[in-house]
Amino acid sequence: QVQLVESGGGLVQAGDSLRLSCVASGRTFSRDAMGWFRQAPGRGREFVAGITWSGGSTSYAASVKGRFTISKDNAKDTVYLQMNSLIIEDTAVYSCASDRSLFFGSSTVWGRGTQVTVSS
């Protein structure tokens, strides 16, 4: 069973940058997709970005496209989320996810999450 551990969250000011990391231990070839999701207080979980281990295909939510970049290091079993030009609305708990494809669903495995807080 894959286990996901996120790191890199924190408190930053609007306009700043932050990089999140997610280490995936025990992953298998069948779990080809990794993603970042976020959940703000009082709101549901939303997809942020996704990437495949094999081909490096990526997908982004419209709200972060052009500001956030997802990347991977297969040798380190690590996925990153580079977040630039942060805005207050980016404040949320960011969770890493693993699944068979970028269509995250019932077989998704989740990390515990890391808090990102953007202040004005």
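## A strand with two partners

The model is a predicted one, in which local features need pLDDT of at least 70 and side-chain atom pairs count only at pLDDT 80 or more, whereas totals for chains, interfaces and linings use all residues. Residues are numbered from 1 along each chain as its sequence is written, and side-chain values use heavy atoms, with hydrogens and water left out.

E4 and E5 run antiparallel and pair over six bridges; two strands count as paired if DSSP finds at least two bridges between them. Six residues lie between these strands in their hairpin, where Gly42 takes a positive phi near 75°. On to the other partner: E5 also pairs in the antiparallel sense with strand E6 (residues 58-60), over three bridges. Here Gly50 stands opposite Ser59 of E6. The hairpin of E5 and E6 has five residues between the strands, and Gly56 in the turn shows a positive phi of about 75°.

How covered is E5? Five of its seven residues are buried, where buried means under 20% relative accessible area, exposed means over 50%, and partly exposed is in between (1.4 Å probe, protein chains only).

Now for the largest nonpolar core, which has 28 residues; Met34, Trp36, Val48, Phe68, Leu81, Met83 and Tyr94 touch the most other members. A nonpolar core is a set of buried Ala, Val, Leu, Ile, Met, Phe, Trp, Tyr and Cys residues joined through side-chain atoms within 4.5 Å. Among the elements that give two or more residues to this core are strand E3 (18-25), strand E7 (68-73), strand E9 (92-99) and E11. E3 gives the most, with four residues.

## A network of charges

Side chains of opposite charge can pair when their charged atoms come close. A salt bridge here is a side-chain nitrogen of Lys or Arg within 4 Å of a carboxyl oxygen of Asp or Glu, and by this rule there are four. One of them joins Glu46 to Arg38, with the closest N and O atoms 2.6 Å apart. Glu46 is partly exposed, at 29% relative accessible area, whereas Arg38 is buried at 6%.

Arg38 also forms a salt bridge with Asp90, the closest N and O atoms being 2.9 Å apart. Because Arg38 lies in strand E4 and Asp90 in the loop between E8 and E9, this pair ties together parts that are 52 residues apart in sequence. What else does Asp90 meet in a salt bridge? The side chain of Arg67 meets that of Asp90 at 2.7 Å, N to O. Arg67 and Asp90 are both buried. Through shared partners, salt bridges join Arg38, Glu46, Arg67 and Asp90 into one network.

## A last stop at Thr114

Thr114 lies in strand E11 (residues 114-119) and is buried, with a relative accessible area of 11%. The side chain of Thr114 reaches the backbone nitrogen of Gly9 at 3.2 Å. Contact means heavy atoms within 4.5 Å; leaving out residues up to four places away in sequence, Thr114 touches Glu6, Ser7, Gly8, Gly9, Leu20, Ala92, Val93 and Tyr94.

Note on methods:
Polar contact = N/O pair within 3.5 Å; in protein donor to acceptor, adjacent residues only side chain to side chain.
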